[in-house]
Amino acid sequence: MRRYGKNPDEDDIRSRPNPKGNRPRTSIRPKHEDASAGMVLTVDRGRLTVLVDGRAVTAMKARELGRKSAVVGDRVAVVGDLTGAKDTLARVVRVEERRSVLRRTADDTDPYERVVVANADQLAIVTALADPEPRPRMIDRCLVAAYDAGLEPLLVLTKSDLAPAGPLLETYGALDLAHVVTNRDDFLTGGVDQIRERLAGRVTAFVGHSGVGKTTLVNALVERQRVTGHVNAVTGRGRHTTTSALALPLPGDAGWVIDTPGVRSFGLAHIDPSRVIHAFPDLEAGTEECPRACSHDEPDCALDAWVAEGHAEPARLDSLRRLLATRERREGD
């Protein structure tokens with residue numbers, strides 16, 4: 001066997017031909033320092049619509065991103081054809097660090113979490129007061145997801161012309177939730193200014209189960225018509241009309257709303273219950289005396305004494321425990 005020293009004569013080295021004829025791979029990747037900044041507006045079957053300098057550009061994920069995906073709300077770096085003209089395609093080469101991520105799982109046993117939206121500031125939980133009937137457990141689950149993601153929750157109650165909002169609002173009184181109550185006339189006459197005030201200057205994701213009027217509300221806010229559906233008179237459930245999340249600007253660049261598909265379940269398998277306490281600052285200080293790995297719903301939990309001493313309202317502790325118990329209950333219970 002022939003051996004070579006450190007400086008062999010190149011003519012003596014036998015090189016193997018490359019049968020595929022392609023260039024050798026390298027771990028060095030371009031930095032794309034000249035890439036343009038954009039915001040993902042929607043994702044549909046592998047194609048991303050990205051807002052770049054006021055233009056909607058169609059793009060695909062670059063190979064160097066690997067398994068990393070981009071979702072609606074992501075801030076990305078884009079290269080290629082950025083004209084937005086028909087039949088042009090750009091590439092998303094980098095996904096910037098996210099300041100917030102709203103996640104959910106298919107159910108409480110599903111180990112795979114799904115990112116709903118990125119970089120939102122607020123979560124608008126849209127619930128009808130009737131037709132279909134409100135589902136408090138669904139609201140609870142959305143609240144847990146909002147608190148875990150660091151989003152400010154906003155409770156939006158629709159169809160107040162069919163049922164009063166008082167009983168449901170009383171259920172969440174101890175949480176001091178920001179809320180807005182709307183009715184059909186608000187949508188028909190454009191009287192949604194009270195909601196616009198809550199959305200001003202923010203990126204707000206709208207979630208809710210089908211048939212609650214979520215897309216109708218978004219249409220009234222952004223003056224754009226997405227397809228809407230109706231509630232099945234037999235099952236009391238709505239029909240999915242929004243099939244993909246879409247970011248839409250409010251008039252006058254006052255903020256963004258992200259309309260998401262209607263959901264019939266909101267799994268919380270990805271959420272560590274110990275993080276939910278961070279949304280209750282008046283109770284969090286009382287957990288210092290709790291035993292290790294306390295579930296905050298057991299006989300020796302220190303929060304009972306904390307509330308008894310007057311540091312927080314009993315209703316707040318009840319609300320915390322109800323939210324923590326959502327993973328053990330079905331949403332329709």
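Tutor: M39 stands opposite L51 in β2. This is a predicted model, where local features need pLDDT of at least 70, side-chain atom pairs count only at pLDDT 80 or more, and totals for chains, interfaces and linings use all residues. Residues are numbered from 1 along each chain as its sequence is written, and side-chain values use heavy atoms, with hydrogens and water left out.

Student: How many bridges does β1 share with β2?
Tutor: Five, in the antiparallel sense, with β2 covering residues 47–52. Two strands pair if DSSP finds at least two bridges between them. Strands are DSSP runs of E, at least two residues, and helices are runs of H or I, at least four, numbered from the N terminus.

Student: What do β1 and β2 form?
Tutor: A hairpin, with two residues between the strands. R45 in the turn has a positive phi of about 50 degrees.

Student: And which residue is the partner of S36 in β4?
Tutor: V78. Four bridges join β1 (36–44) to β4 (75–80), and these strands run antiparallel.

Student: Switching topic. How many cavities of 30 Å³ or more?
Tutor: Two. On a 1 Å grid over the protein atoms alone, a cavity is a set of points where a 1.4 Å probe fits but cannot get out; lining residues have an atom within 4 Å of a point. Points are joined across faces, edges and corners, and volume is the space filled by probe spheres set on them.

Student: What lines the largest one?
Tutor: The lining includes I125, R135, M138 and H209. β8 (122–128) and α1 (136–149) each give two or more residues to that lining. The volume is about 50 Å³.

Note on methods
On a 1 Å grid over the protein atoms alone, a cavity is a set of points where a 1.4 Å probe fits but cannot get out, and a pocket is an open set with protein on both sides within 12 Å along at least five of seven lines; lining residues have an atom within 4 Å of a point.
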